[in-house]
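Try each task before reading its solution.

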Amino acid sequence: MLLKKDLQMTTKANDEYLDFLLSKAKELMEREGIREEDTNEYAGIQIDYAAYLFRKRASAQTAMPRFLRWEMNNLLISQKARQK
């Protein structure tokens, strides 16, 4: 639902694809070393990542937005610091 709001979608036409993008974003975050956690920060980054994946298919600009890279790096560093 939040991803649909981010993308300003009101119909259910893309629900299956958006679910796939949320799963893909989670897997890509795990590949980078980010562990899933039940926090608003993690959920927000996952949604931002999925929205980026959706938008980049229709754009010539395919580089990951700096704010998203920054959010992911901060979460990863925070998670690593809590492991010690």
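**Exercise 1.** Classify Tyr-17 and Phe-54 as buried, partly exposed or exposed from their relative accessibility.

*Solution.* Keep in mind that you are looking at a predicted model. Step one: recall that buried means under 20% relative accessible area and exposed means over 50%, with partly exposed in between. Step two: Tyr-17 has a relative accessibility of 31%, so Tyr-17 counts as partly exposed. Step three: Phe-54 comes to 13%, so Phe-54 counts as buried.

**Exercise 2.** Find the aromatic pairs of the structure and describe the geometry of two of them.

*Solution.* Step one: there are three aromatic pairs in the structure. Step two: take Tyr-17 and Phe-54, whose ring centres are 6.2 Å apart with the planes at 55°, so this pair is tilted. Planes count as stacked under 30 degrees and as edge-to-face over 60. Tyr-17 belongs to helix H2 and Phe-54 to helix H3, so their pairing ties together parts 37 residues apart in sequence. Step four: turn to Tyr-49 and Tyr-52, where the centres lie 6.1 Å apart and the planes meet at 45°, so this pair is tilted. Both of these tyrosines sit in helix H3, three residues apart, or about one turn of the helix. Tyr-49 and Tyr-52 are both buried.

**Exercise 3.** What surrounds the ring of Phe-54?

*Solution.* Step one: Phe-54 forms one aromatic cluster with Tyr-17 and Phe-20. Step two: look over the face of the Phe-54 ring, where Arg-57 lies at 4.3 Å from the ring centre.

**Exercise 4.** Work out which side of helix H4 is buried and what that side packs against.

*Solution.* Step one: H4 covers residues 66-83, and its 18 residues reach 26 Å from first C-alpha to last, close to the 26 Å expected. Step two: list the buried residues of H4, namely Leu-68, Met-72, Leu-75 and Gln-79. These cover an arc of only 65° around the axis, which puts them on the same side of H4. Step three: on the other side, Arg-66, Trp-70, Ile-77 and Ala-81 are exposed. Step four: the buried residues of H4 pack against helix H2 (15-31) and helix H3 (40-56).

Note on methods. Residues are numbered from 1 along each chain as its sequence is written. This is a predicted model: local features need pLDDT of at least 70, side-chain atom pairs count only at pLDDT 80 or more; totals for chains, interfaces and linings use all residues. Side-chain values use heavy atoms; hydrogens and water are left out. Helices (H or I, at least four residues) and strands (E, at least two) are DSSP runs, numbered from the N terminus. The expected span of a helix is 1.5 Å times one less than its number of residues. Buried means under 20% relative accessible area, exposed over 50%, partly exposed in between (1.4 Å probe, protein chains only). The arc is that of the directions from the helix axis to the C-beta atoms. Contact means heavy atoms within 4.5 Å. Rings of Phe, Tyr and Trp (its six-membered ring) pair if their centres lie within 6.5 Å; planes under 30 degrees apart count as stacked, over 60 as edge-to-face and the rest as tilted. A charge sits over a ring if NZ of Lys or CZ of Arg is within 6 Å of the ring centre and within 35 degrees of the ring normal.
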